[in-house]
Amino acid sequence: MLSNSKRCAREALYFLSRFQHHEQQPSRYSKFSFSISSSSSSTTSKASFINNKYINGKRNDDNNDTTNMNKKNLNYYHSEVPKSNNIQIEDLKSLIETNIPSQILRLKEIKTKFGNEKIGDVTVNMVMGGMRGIVGMLYETSLLDANDGIRFRGLTIPELQEKLTKKDEEPLPEALLFLLLTNKVPTDDQTESLRKDLMERATRFVQGAKNNPSKKNVFDVLKALPEETHPMTQLSAACLAMQNDSEFSRMYAKGTMKKTDYWKYIYEDSLNLIAKLPIVAAFIYKRSCVVEIERKSSDIPTVDADLDLAANFSQMMGFSSNECKELMRLYLTIHADHEGGNVSAHATHLVGSALSDPYLSFSAGLNGLAGPLHGLANQEVLKWLKEAQETLKGDYSAETVKTFVENTLKSGRVVPGYGHAVLRRTDPRYDCQRAFALKHMPNDEMFQLVSRLYEIVPEVLKATGKVQNPWPNVDAHSGVLLQHFGIKEENFYTVMFGVSRSIGCLSQLILSRAHGYAIERPKSVTSEWIEDKFKI
Ligand SMILES: CC(C)(COP(=O)(O)OP(=O)(O)OC[C@H]1O[C@@H](n2cnc3c(N)ncnc32)[C@H](O)[C@@H]1OP(=O)(O)O)[C@@H](O)C(=O)NCCC(=O)NCCS
């Protein structure tokens with residue numbers, strides 16, 4: 001048990017860290033900031049150390065009365081932040097630059113103080129079991145806890161839904177991008193300025209491709225591929241086709257770029273890529289995924305620069321309803337990041353550590369996302385749901401659904417959308433999609449089936465005696481929402497996941513170069529090496 005004084009001190013430091021962590025918080029926090037900012041810089045450095053509390057994926061929210069803060073309050077608060085105390089830097093790049101020295105210092109301090117401390121043991125099982133549980137990389141943008149689920153810069157999915165700038169009810173992915181890059185919840189103005197920046201990049205890309213033949217090579221490359229080429233292969237190929245535009249690679253080739261400037265070009269490439277991907281994805285969708293002649297098109301999509309990233313993406317694909325735009329905002333927000341060890345994030349991180357530019361690095365991430373045990377699971381889920389509908393013919397009684405699930409296992413397949421390498425509970429990304437469905441489409445027939453499966457599958461998986469996590473993950477629910485709003489082509493679903501994932505993977509890529517991360521090079525061993533070590 002902590003003594004009262006220790007607990008008070010800990011809570012004060014925690015409160016201080018919460019303030020620093022999300023500087024733009026409700027006014028009662030900004031009052032507190034006044035006394036902090038007038039105190040010494042050592043207080044600040046202590047506070048930033050307390051942020052490491054998130055290393056366990058948990059935080060004490062007892063003091064947080066912002067949970068029920070509605071949008072109105074959030075806007076009210078933003079206008080209340082005193083300018084003199086809380087300089088508003090609208091330009092994201094400058095804000096990142098401002099943070100770099102203190103972050104580098106912080107990382108140095110961690111290395112100096114704890115560099116030789118152990119943070120885990122590695123067993124042979126871990127080495128032979130896909131490196132599960134080995135703490136082996138630094139990844140700042142999000143942290144996954146087996147029971148709490150994902151936290152983006154310390155914020156859970158419901159907290160993101162509540163605190164990030166919204167157009168309607170769902171958060172804008174632009175606001176998430178800002179949060180991931182700066183560790184600060186953006187003001188509405190900051191989100192708007194980033195939205196504009198991304199839409200300008202998108203507009204320049206489309207105009208360039210439409211007006212300048214040498215700039216439309218990505219669309220030519222895509223048109224050269226057979227229409228039946230998997231959309232994920234097309235998206236990855238598109239990334240490589242656009243690599244020609246990499247400012248980082250151009251500058252690196254000149255041989256005069258300073259190491260401390262790397263991140264600036266990685267930033268430009270990353271934001272360009274984040275802006276371009278929805279356009280390329282919409283092109284892939286309309287050219288090669290949709291079947292109906294009247295919806296098909298091989299034209300370069302038109303950007304509406306007044307819209308937000310997600311709404312524009314939805315519109316370019318041919319879906320202009322507000323509900324579909326809302327779904328796209330939610331979809332692009334929740335799929336963006338899932339800490340660093342998952343295949344797509346890790347692949348991007350690994351390739352980027354060799355100083356491969358964002359186009360090359362993210363293409364690698366997409367290739368990993370295209371695997372059925374990772375991102376492609378969302379496509380597999382919808383195929384499986386359609387198979388269930390065909391087999392069960394509307395009979396979703398517990399007994400028939402259970403038999404269907406058992407037959408899936410008997411046929412040697414996994415139940416797609418269930419299980420997770422780290423999570424040990426229902427994925428909060430599943431929960432928020434379920435809440436969306438309950439609100440917008442409670443009577444959808446396939447949603448009824450998904451709900452029934454939620455009651456049945458965990459028990460069937462538990463009965464196998466080997467599945468570590470019998471609960472649904474994000475992929476178990478995304479497809480049913482998309483098909484409800486008309487996006488019925490399941491082979492496109494992982495592409496949408498990829499568009500979203502660029503936000504997380506590329507944010508970390510920028511930070512990795514800004515903070516001077518090392519090239520990745522873990523040690524591998526042979527099976528003989530293990531036998532020799534234990535003298536088998
Ligand atoms: C996500 C996944 C790859 C995690 O794998 P993992 O960390 O090895 O999971 P576990 O430790 O629980 O696996 C133990 C066993 O249970 C099996 N298992 C796990 N999830 C299962 C599922 N949904 N259906 C059937 N079997 C499953 C594994 O295949 C493994 O079997 P094995 O020992 O015969 O090889 C796995 O749960 C899976 O294949 N899920 C379905 C695909 C999916 O939804 N992927 C998206 C993830 S976000």
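This briefing outlines the main features of the structure above. The model is predicted. Its protein chain holds 24 helices and two strands. Of the chain's 536 residues, 42% count as buried. Among contacts in the protein chain with a separation of 6 or more, 75% link residues 24 or more positions apart.

**Nonpolar core**
- The largest nonpolar core contains 123 residues.
- Leu176 and Ala281 have the most contacts inside this core.
- Helix H13, residues 262–289, gives the most to the core, with 17 residues.
- Beyond its neighbours within four places in sequence, Leu176 is in contact with Phe152, Leu160, Leu164 and Pro171 among others.
- The contacts of Leu176 also include Thr333, Ala336 and Ile503.
- In soluble globular proteins, nonpolar side chains tend to be buried together.

**Helix H15**
- Helix H15 covers residues 322–334 and has 13 residues.
- From first C-alpha to last, H15 reaches 18 Å, close to the 18 Å expected at 1.5 Å a residue.
- Eleven of the 13 residues of H15 are buried, so the helix is mostly covered.
- The buried residues of H15 include the charged-type names Lys325, Glu326 and Arg329.
- Leu327, Met328, Leu330 and Tyr331 are also among the buried residues of H15.
- The cover over these buried residues includes helix H7 (157–163), helix H8 (173–182) and helix H14 (309–317).
- Helix H20 (428–440), helix H22 (475–484) and H23 are also part of that cover.

**Helix H16**
- Helix H16 runs over residues 343–353.
- Nine of its eleven residues are buried, so H16 is largely enclosed by the rest of the structure.
- Among the buried residues of H16 are Ser344, His346, Thr348 and His349.
- Ala345, Ala347, Leu350, Val351 and Gly352 are buried in H16 too.
- The buried residues of H16 pack against helix H17 (358–369) and helix H23 (493–514).
- Just after H16, Leu355 takes a positive phi of about 70 degrees.

**Strand pair**
- Strand E1 (residues 142–145) pairs with strand E2 (residues 149–152) in the antiparallel sense.
- The pairing runs over four bridges.
- A hairpin of three residues joins E1 to E2.
- Asp145 has Gly149, in E2, as its bridge partner.

Conventions:
Residues are numbered from 1 along each chain as its sequence is written. This is a predicted model: local features need pLDDT of at least 70, side-chain atom pairs count only at pLDDT 80 or more; totals for chains, interfaces and linings use all residues. A nonpolar core is a set of buried Ala, Val, Leu, Ile, Met, Phe, Trp, Tyr and Cys residues joined through C-beta atoms within 7 Å. A residue is buried if 20 or more other C-beta atoms lie within 10 Å of its own, exposed if 12 or fewer, and partly exposed in between; C-beta atoms are placed from the backbone. Two residues are in contact if their C-beta atoms, placed from the backbone, lie within 7 Å. Two strands pair if DSSP finds at least two bridges between them. The expected span of a helix is 1.5 Å times one less than its number of residues.
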